[in-house]
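Please read it alongside the sequence and the coordinates.

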Amino acid sequence: MKRKKSFIILTVLIVAIIAASSIVGCSINGFRQEDFQLAITDVRINDNIVTIDVEFKNTSWRNGLVVSGFNIIEVIYQDEDNSINWGFPSIAVYHWIRCKQKITETQEFQLEKGIYTITAIVDFFCNGDRDSFYYRVETIVEV
């Protein structure tokens, strides 16, 4: 009986520790630049429609609140004349990033014939805006 009671108490403690660690914020755990990876995972071209899949991964066991634009991932394109079609919203939005989380974004562009640079950007602040994180990946497509 005593062994069963000890097992139950130990189980409750483990569950409580896991639950508490899953809600601990960025300001306590301290995200680091190397905790994240950004990648363009797929590019599909169908006539003049370009579809881009992007993945942003938290590779760490850290959780936390971050501040960025409306979306965590922004995808833009630039043509051969360096004409950029994009704009980041000026609104700040809070996002909760969980440990080992994968955030995906699929963006579709209708483009004229030409060569384009597709850029995926993740830009956010955390730790009370003391830490700034910026990730960028590019790929070139021909329509």
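In this predicted model, salt bridges link R32, E34, D35 and R62 into a network. The salt-bridge count comes to six. The points below take up the network, a further charged pair, the sheet and a nonpolar patch.

**Salt-bridge network**

- R32 is partly exposed, at a relative accessible area of 39%, while E34 is exposed, at 53%.
- D35 and R62 also form a salt bridge, and their closest N and O atoms lie 3.1 Å apart.
- This pair connects distant parts of the chain, as its members are 27 residues apart. D35 sits in the loop between α2 (26-29) and β1 (36-46), and R62 in the loop between β2 (49-58) and β3 (64-68).
- R62 counts as buried because its relative accessible area is 18%, under the 20% limit.
- D35 is buried too, with a relative accessibility of 3%.

**The R44 and D53 pair**

- Side chains of opposite charge can pair when their charged atoms come close.
- R44 and D53 form a salt bridge, with 2.6 Å from N to O.

**Sheet**

- An open sheet is built from three strands in the order β1-β2-β7, with antiparallel pairing.
- β1 and β7 (102-110) are the edge strands, each pairing on one side only.
- From one strand to the next, the twist averages 15°.
- The antiparallel strands β1 and β2 are joined by 10 bridges.
- I45 has V50, in β2, as its bridge partner.

**Nonpolar surface patch**

- Which residues form a nonpolar patch on the surface? The patch consists of F7, I8 and V12, which together have about 320 Å² of accessible area.
- F7 belongs to helix α1 (residues 2-23).
- F7 counts as exposed because its relative accessible area is 57%, and the class begins over 50%.

Key
Residues are numbered from 1 along each chain as its sequence is written. This is a predicted model: local features need pLDDT of at least 70, side-chain atom pairs count only at pLDDT 80 or more; totals for chains, interfaces and linings use all residues. Side-chain values use heavy atoms; hydrogens and water are left out. Patches are made of residues with over 30% relative accessible area and no salt bridge: like charges are joined within 9 Å, nonpolar side chains (Val, Leu, Ile, Met, Phe, Trp, Tyr) within 5 Å. Accessible areas come from the Shrake-Rupley method with a 1.4 Å probe; for residues, only the protein chains shown count as cover. A salt bridge is a side-chain nitrogen of Lys or Arg within 4 Å of a carboxyl oxygen of Asp or Glu. Helices (H or I, at least four residues) and strands (E, at least two) are DSSP runs, numbered from the N terminus. Buried means under 20% relative accessible area, exposed over 50%, partly exposed in between (1.4 Å probe, protein chains only). Two strands pair if DSSP finds at least two bridges between them. Axes are lines fitted to C-alpha atoms, for helices over the stretch in contact, and angles run from 0 to 180 degrees between N-to-C directions.
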